[in-house]
Amino acid sequence: MAYVTETEAESPAESGSNDSELDARFLALIDADERIEPTDWMPERYRSTLIRQIAQHAHSEIIGMQPEGAWLTRAPSLRRKAILTAKVQDEAGHGLYLYGAAETLGIDRAELLDRLHTGRQKYSSIFNYPTPTWADIGAIGWLVDGAAIMNQVPLCRCSYGPYARAMIRICKEESFHQRQGFQIMMTLAEGSPDQHHMAQEALNRWWWPSIMMFGPSDAASIHSSQNMRWGIKRFSNDELRQRFIDATVPQAELIGLTIPDPDLKWNDERGSYDYGEIDWEEFNRVIAGDGPCNAERMERRVTAHEEGSWVREAALAHAEKERVRREEVAA
């Protein structure tokens, strides 16, 4: 699909319109719940916001392969190994879909990766936590992928068409990942006392980082209101966080695990759970690069990219050879 870059976009003079008219036309499409396509005019802030968000999402899928990839050879059965391998492959595919969606906005994939490797773009802070036991793989599937689904299903209606369409397939696959993780946790919780303890400890480790995945509180979020006006987001951070908690607490109770929040209680008046204070200092510290595994994750990512350069070079050489061959045949 062709796309219009910032320099290629039709200027107000060429279109016979001024910025306010173009912006009004753009907002009319948003208000009509239509999709903005790569060839449509869009405000530069909208474009840059999408590049930032889609890139962070893509980076998170790629970095997120690491904590699970460490368990590919240590999963407790051949069946578990096969399932986890398929899941890690799915995450790689999700990253590719999303990098492709970002490229329709006129930015090169190599530039996005360079921004990740040099720290100019972020990935989800959740992937900077360790996975010391097999139960952590279950907790990631159940909690992390569950939070991701809560965040991402509304993105299937995102105002930017390529992003919305990519999210439809991603959400379908993430739903399998969430069920797989819950099934691991349920098996452990119903097993021996040691297995139950392992599951509970994993839940203790991942609960708070998972609810931090929804981002800062609405009062502290600097992008939410504009993103909701543009139709990039459909719900606020706190609203999605509340939905996740309300859905997940009964699941924990069903398998006999305890949410590690002494302030958690059902509020009849609100019809939702009240929950304790989130440690935003930890959230900001991990985002800033001072999490348990930040340095390890980035070192491994950059090393893999550098060691894989020969594959990219070979693919480009093959593509060029095929191009020359087709031209010779056509001549």
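Predicted model: local features only at pLDDT ≥ 70, side-chain atom pairs only at ≥ 80, totals over all residues.

Reader: Which ring pairs with that of phenylalanine 244, and why is the pair called tilted?

Author: The partner is phenylalanine 214, whose ring centre is 5.5 Å from that of phenylalanine 244, with the planes at 45 degrees. Planes under 30 degrees apart would be stacked and those over 60 edge-to-face, so this pair is tilted. Phenylalanine 214 belongs to the loop between α9 and α10, whereas phenylalanine 244 is in helix α11, and the two are 30 residues apart. Phenylalanine 214 has a relative accessible area of 3%, so it is buried under the 20% limit.

Reader: How many aromatic pairs are there, and what makes the one between phenylalanine 26 and tryptophan 41 edge-to-face?

Author: The count comes to ten aromatic pairs. In the pair of phenylalanine 26 and tryptophan 41, the ring centres are 6.3 Å apart, which is within the 6.5 Å limit, and the planes stand at 85 degrees, which is over 60, so the pair is edge-to-face. This pair links distant parts of the chain, since phenylalanine 26 lies in helix α2 and tryptophan 41 in the loop between α2 and α3, 15 residues apart. Ring pairs also join Phe26 and Trp41 with Tyr46 and Trp230 in a cluster.

Reader: Why is phenylalanine 26 called buried, and why is tryptophan 41 called partly exposed?

Author: Phenylalanine 26 has 2% relative accessibility, which is under 20%, so it counts as buried. Tryptophan 41 has 26%, a value between 20% and 50%, and therefore counts as partly exposed.

Reader: How do you know that the charged end of arginine 243 sits over the ring of phenylalanine 235?

Author: The charged end of arginine 243 is 4.1 Å from the centre of that ring, and the rule asks for a distance within 6 Å as well as a direction within 35 degrees of the ring normal. Arginine 179 likewise lies over the face of phenylalanine 176, at 4.7 Å from the ring centre.

Reader: What makes α7 largely enclosed by the rest of the structure?

Author: Of the 19 residues of α7, 17 are buried, so the helix is largely enclosed by the rest of the structure. Helix α7 reaches 26 Å from its first C-alpha to its last, close to the 27 Å expected, and it has a kink of about 30 degrees centred on isoleucine 140.

Reader: Why is asparagine 128 called buried, and which side chain does it join through a polar contact?

Author: Asparagine 128, in the loop between α6 and α7, has a relative accessible area of 2%, so it is buried under the 20% limit. A polar contact of 2.6 Å, within the limit of 3.5 Å, joins its side chain to that of tyrosine 123.

Terms used:
Residues numbered from 1 in each chain as written. Heavy atoms only, no water. Helix = DSSP H or I, 4+ residues; strand = E, 2+ residues; numbered from the N terminus. Expected span 1.5 Å × (residues − 1). Bend = angle between axes of the 7 residues up to and from the residue. Buried < 20%, exposed > 50% of the residue type's maximum accessible area, 1.4 Å probe, protein only. Phe/Tyr/Trp six-rings, centres within 6.5 Å; stacked < 30°, edge-to-face > 60°. Polar contact = N/O pair within 3.5 Å; in protein donor to acceptor, adjacent residues only side chain to side chain.
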